[in-house]
Amino acid sequence: MRTHQWTSRPAGFVVVGLACMTLAVAGGPTSNAATKNAVTKPKAKAKPSKPTAPKNTAPTTAASILPAATVAARGKLTVGVWRLLAGLDPVTASGDITFDPTASALYDALMDVPFGKSPTPMLAESLNESADRRSWALRLRSGVRFHDGTNLTADAVKLNLERFRKSRTFAQSMSLIKTIEVTGPLSLTLSVDKPYASMPYLLGGTVGIMLSPKAIQESADKLNSAPTDAGTGPYKLKEFVPNDHALVVRNPEYWGDQRPRLEQIRFNLIPDEGARYTALKSGDINVDVTLLPGTVRLAREDGFVVVDPPIAGSGQFLFNNSKPPFDDLRIRRAAALAQDRRTISTIFEDPNFELQGFGLWPKGNPWFSPGDELPFDRDEARKLVSAYIKDTGKDAAFTLTVLNIGGPSLDVARLRVRYWQDAGMDVKLQVVPDVNQFVVALVTGQYQAASTLIALEKDPDATAYPLLYSASPSNFSRYQSAEMDAALEAGRTAADPAARKAAYADVQRIFRRDLPFIVGSPGTEHYVTDKKVCGLGTSGGFTAKTVGLGNC
């Protein structure tokens, strides 16, 4: 049996990412290539990718817009975001932040996980699984420095990984790692209790983000809220005002060959969809980060450039399975049957509403497996609600909690509520303005139903295990199933791609049967830009390393 090996590309490879907000730990790859027993050979240096031109228009380049003499090698970029990181310490994050726009500027991870490709080393030089599948040898790149000048060493990596092991959010993800042993200045061995096929993906997510040990030891109380020069990324933090903005400035000593092109990037929090698009039209921002197809359609009509990454996440309606009425399968099933996905797709001009198929992975995703789907059936939903009320003596009443990001997102929630009311449920809508308040409600279980987002572009273990494993701290639906736990364990330990595929087919079969929550529309964040912006890749999210102004 050959061991899994991941060896580094040349330092100049272009890193591609996804900026997708996750209130649960994110995951799910677009391919199963990482499960193959093969060595990743170094590739030639990649050229920065160009933004996608609007449909039905000629491709747009900086040279066609600006005279050659005015094309700037550096400049200042302003990005309007619908959410801003609640804090800057990855250990306190509520999900995978590696592809968040701000995080992609400040931080690097040990591994890189591009869309649809095998993991490749980033801060790591290589990652090799042992023949007995009970340990992983991790070797680091030499010459990498944190923003405060501290060297990246094996001791620094161990310190960071131990912090993640002790955190509430990531303890479950780290649970298979038995010991972390420093074996040299730039090398470590991670031993595991049982085979763990997802290790490269784990180290390519938030857990793989390394902070300066000096910053951790000297500024631990400030890591989440103040500039600390803690990262290794292409930009350094200059200002961070929670719920307002983050300002990053160019790191001239960045370790990679792909040096940052801009003097600074400012990320402005503009939660309201309409206000953010207005800011783009007025020139107050250069990039509008949006989730909504309607904004994309309008932007193309107005002549803006749109960068469309692949489907990378899904909206979900979490049900608190530990509280009435969602502790009863009949109500969870009725909630799914009551939704007319085709009409919702038509109203909101988003065909993705019909792609989900009542599973964690949408149709077209390599991890999707077909199975029984619940069609729109208002009459059956009403029968289930009536039976619940008659048998329990309780009303089928609940509150749907939604984070206010403005615009059509609330319209979707309101339409969902009307469908549930039409099926005989007494539903109220609670709009929460603050993301921290919203996350606290999920973590503490002080909610009945909630609208959230999950990301799907990494290993399936990283999506399914945190959301569905009984003991996971990110199992916000409080779903408990020994059968599901066994399927999840099989998926995370199997080395053979076919065995993993079968395990996750079981996961989806059990999910469709038990319906711990329902998944709405698959989608992604879109980047709507003015014509001066270049270097945002189409196979990933906000690529801070390559984004620029003028001619990239």
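The model is predicted; local features need pLDDT of at least 70, side-chain atom pairs count only at pLDDT 80 or more, and totals for chains, interfaces and linings use all residues. Residues are numbered from 1 along each chain as its sequence is written, and side-chain values use heavy atoms, with hydrogens and water left out.

I looked up the pairing next. E9 and strand E10 (residues 245-250) run antiparallel and are joined by six bridges. (Strands are DSSP runs of E, at least two residues; helices are runs of H or I, at least four; both are numbered from the N terminus. Two strands pair if DSSP finds at least two bridges between them.) Tyrosine 235 stands opposite arginine 250 in E10. Three residues sit between the strands of this hairpin. Asparagine 243 is in that loop between E9 and E10. I noted its phi, near 65°, a positive value in a residue other than glycine. Most residues other than glycine have a negative phi.

**The sheet.** I traced an open sheet of seven strands with mixed pairing, in the order E9-E10-E11-E2-E12-E19-E13. Strand E9 (235-241) and strand E13 (305-307) are at the edges with a single partner strand each, so one side of each has no neighbour in the sheet. On average, neighbouring strands are turned by 20° against each other, direction ignored. (Axes are lines fitted to C-alpha atoms, for helices over the stretch in contact; angles run from 0 to 180 degrees between N-to-C directions.)

I then checked helix H6 (residues 273-282). H6 lies across strand E2 (76-81), strand E12 (287-290) and strand E19 (526-529), and runs at about 160° to E12. (Contact means heavy atoms within 4.5 Å.)

**Aromatic pairs.** I found 14 in the structure. (Rings of Phe, Tyr and Trp, the last by its six-membered ring, pair if their centres lie within 6.5 Å; planes under 30 degrees apart are stacked, over 60 edge-to-face, the rest tilted.) One of them is phenylalanine 317 with tryptophan 420, edge-to-face, at 5.6 Å centre to centre and 90° between the planes. Phenylalanine 317 is in strand E14 (residues 313-319) and tryptophan 420 in helix H11 (residues 408-422), so the pair ties together parts 103 residues apart in sequence.

**Cis peptide.** Proline 325 lies in the loop between E14 and helix H8 (329-337). A cis peptide bond joins proline 324 to proline 325, with omega about 0°.
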